[in-house]
Amino acid sequence: MMVLAQDWQDEESCRREVARAILAFPGKLLLSEGTFDCVLDDLSLGGARFSCNRKIDSGREVWLKFDRFEVFGTVTWVHGRQYGVEFEQRLAKSVIIEMR
């Protein structure tokens, strides 16, 4: 796992209740049409930002696999090949701590 030394924050992230772990961690995106490589860019208890070369529409339900974890969620925003996903169930704080 590679953790970026830079602690990047934008206005939106400064307003968040829960801190995000800034990552560049390889993962898998599971869709009905197959499994695709992705990179988990950041992670919080309630969601994540990931990059993928596969086009995914906002509103799409996805499974994200990273390390030994699997989470189900819905893509809430798309910006180029970066995606935001909101998890159906919040992660345990221990997952965020472990991924840092």
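Mentor: Start with β5 and strand β6 (residues 82-87): they run antiparallel and are joined by six bridges. This is a predicted model, where local features need pLDDT of at least 70, side-chain atom pairs count only at pLDDT 80 or more, and totals for chains, interfaces and linings use all residues. Residues are numbered from 1 along each chain as its sequence is written, and side-chain values use heavy atoms, leaving out hydrogens and water.

Trainee: What makes two strands a pair?

Mentor: DSSP must find at least two bridges between them. Strands are DSSP runs (E, at least two residues), numbered from the N terminus. In this case, V78 has Y83 in β6 as its bridge partner.

Trainee: Which residue in the hairpin of β5 and β6 takes a positive phi?

Mentor: G80, with phi near 65°. Two residues lie between those strands.

Trainee: How many bridges pair β4 with β5?

Mentor: Six, in the antiparallel sense, between β4 (residues 61-66) and β5 (residues 69-79). F66 stands opposite F69 in β5. This hairpin also has two residues between its strands, and D67 in the turn has a positive phi of about 50°.

Trainee: Now the cysteines. What is a disulfide?

Mentor: A covalent bond between the sulfur atoms of two cysteines. The rule here asks for a pair of cysteine sulfur atoms within 2.5 Å. The count comes to zero.

Trainee: Is C38 buried or exposed?

Mentor: Buried, at 7% relative accessibility. Buried means under 20% relative accessible area, exposed over 50%, partly exposed in between (1.4 Å probe, protein chains only). C52 is buried too, at 4%.

Terms used. Helix = DSSP H or I, 4+ residues; strand = E, 2+ residues; numbered from the N terminus.
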